[in-house]
Protein chains: 2
Amino acid sequence: MPAGVTINPLTSSALEDDAIDFELIELLFFAYRDFTSDPDQILDGIDFGRAHHRVVHFVDRQPGLTVADLLDTLRITKQSLARVLKQLVDTGYIDQVAGPEDRRQRKLYTTEKGHRLAMALAEPQSRRIAKALEAAGPESRRTVARFLAGMVGKTSV
Amino acid sequence: MPAGVTINPLTSSALEDDAIDFELIELLFFAYRDFTSDPDQILDGIDFGRAHHRVVHFVDRQPGLTVADLLDTLRITKQSLARVLKQLVDTGYIDQVAGPEDRRQRKLYTTEKGHRLAMALAEPQSRRIAKALEAAGPESRRTVARFLAGMVGKTSV
DNA sequence: GCAAATATGTCAGCCATGTTGACATATTTT
DNA sequence: AAAATATGTCAACATGGCTGACATATTTGC
């Protein structure tokens with residue numbers, strides 16, 4: 001046995017190892033890995049990445065979203081967003097409009113082209129979800145939705 | 001109304017927009033965003049990133065994993081793995097051992113230090129999952145596990 | 001036994017997307 | 001008029017994906 005190798009130490013941990021839900025931790029990793037792989041393939045073909053996907057998705061879903069709203073949703077920095085947003089505007093996927101009340105704001109809207117992209121990206125993801133819900137049984141959707149909603153937020157506990 | 005802005009076009013799409021499961025698509029995004037945020041905070045403190053997390057996790061869970069196994073699990077390239085794996089070996093989190101049957105292989109094991117890190121990273125994730133399962137009800141774990149397992153793999157459908 | 005296949009390591013370099021901090025502009029609020 | 005706010009932009013940097021080529025050790029097949 002090589003030096004430093006540990007097979008099954010149950011030491012010094014506040015929590016016993018087997019109290020950890022490794023199964024769901026790993027399933028979440030694999031599920032998300034494959035969930036993102038479908039749109040990634042489409043995005044490759046138009047020289048966009050996952051960051052563009054997120055922006056076009058949320059703008060399409062919430063027309064009139066401001067830049068500040070989007071930063072808050074995505075939890076990324078202004079500069080990270082600016083880069084991809086500029087590309088999306090320049091290539092005609094997203095329109096910016098000065099806010100009618102507050103003209104400092106830039107309200108964001110997908111163009112027809114942007115809407116079509118958002119749909120094309122969502123479609124394989126939705127199909128994958130539908131297939132997984134089927135496998136999980138007829139009542140699964142509500143349970144899964146509650147579970148996922150419960151995953152969101154600060155831990156605090 | 002600005003030029004090019006589209007509010008609600010139901011055109012040219014094979015699928016009607018409302019057949020898309022936007023709710024679960026977004027819940028998955030938010031759930032995963034927050035699921036990864038807990039370990040990210042810990043990793044920041046020791047100059048590691050998400051890539052190190054994944055490696056130390058799977059090696060800890062499957063002691064004796066080979067490099068090829070790991071590449072297959074993570075679906076990244078040899079070079080991407082080599083970078084973080086080298087750092088983990090150099091800093092004493094992971095040991096490499098020549099395979100007993102096939103000496104070309106490098107079997108990977110966490111050290112005691114690596115095991116402790118893997119546990120520390122898994123613990124807040126597991127707590128978050130437990131909390132979400134509670135919110136989803138007593139029978140939710142099996143349903144969620146089946147759903148997530150159903151999300152894995154090629155779409156093909 | 002030797003050639004081919006295999007497992008791994010490594011080099012050089014590229015790209016996407018995250019980060020920080022500073023500063024400019026327009027606009028609204030006080 | 002001054003301060004606060006929403007956004008844009010610049011320069012620079014880090015992480016972690018990627019490619020393709022090539023080196024080494026070892027095992028396998030003829």
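Biologist: What pattern does chain A follow when read along the sequence?

Modeller: Chain A runs α-α-β-α-α-β-β-α-α, where helices (H or I, at least four residues) and strands (E, at least two) are DSSP runs numbered from the N terminus. Its secondary structure therefore comes to 6 helices and 3 strands under that definition. This is a predicted model, in which local features need pLDDT of at least 70 and side-chain atom pairs count only at pLDDT 80 or more, while totals for chains, interfaces and linings use all residues. Residues are numbered from 1 along each chain as its sequence is written, and chains are lettered from A and ligands numbered from 1 in the order in which they are written.

Biologist: How do you know that the copies meet through the same surface?

Modeller: Of the interface residues of chain A, 100% are also interface residues in chain B, so the copies meet through the same surface. In total, 64 residues of chain A are in contact with 64 residues of chain B, contact meaning that the C-beta atoms, placed from the backbone, lie within 7 Å. On the side of chain A that touches chain B, α1 (22-45), β2 (94-98), β3 (106-110), α5 (112-136) and α6 (140-151) of chain A each supply at least two residues, and α5(A) gives the most, with 17 residues. That side divides into 35 nonpolar, 14 polar and 15 charged residues, counting Ala, Val, Leu, Ile, Met, Phe, Trp, Tyr, Cys and Pro as nonpolar, Asp, Glu, Lys and Arg as charged, and the others, Gly among them, as polar.

Biologist: How do you know that the buried residues of α4(A) line one face of the helix?

Modeller: The buried residues of α4(A) are Val84(A), Leu85(A) and Leu88(A); a residue is buried if 20 or more other C-beta atoms lie within 10 Å of its own, exposed if 12 or fewer, and partly exposed in between, with C-beta atoms placed from the backbone. Seen down the axis of α4(A), they fall within an arc of 105 degrees, so they line one face, the arc being that of the directions from the helix axis to the C-beta atoms. What covers them includes α2 (50-61) and β2 of chain A. The face turned away carries the exposed residues Lys78(A), Gln79(A), Ala82(A), Arg83(A), Lys86(A) and Asp90(A).

Biologist: Which residues are closest to DNA strand D?

Modeller: Of the 24 residues that surround DNA strand D, the closest are Thr66(A), Ala68(A), Gly49(B), Thr77(B) and Gln79(B), a residue being near a strand if its C-beta atom, placed from the backbone, lies within 6 Å of it. α4(A) gives the most to that surface, with 4 residues.

Technical notes:
Contact = placed C-beta atoms within 7 Å.
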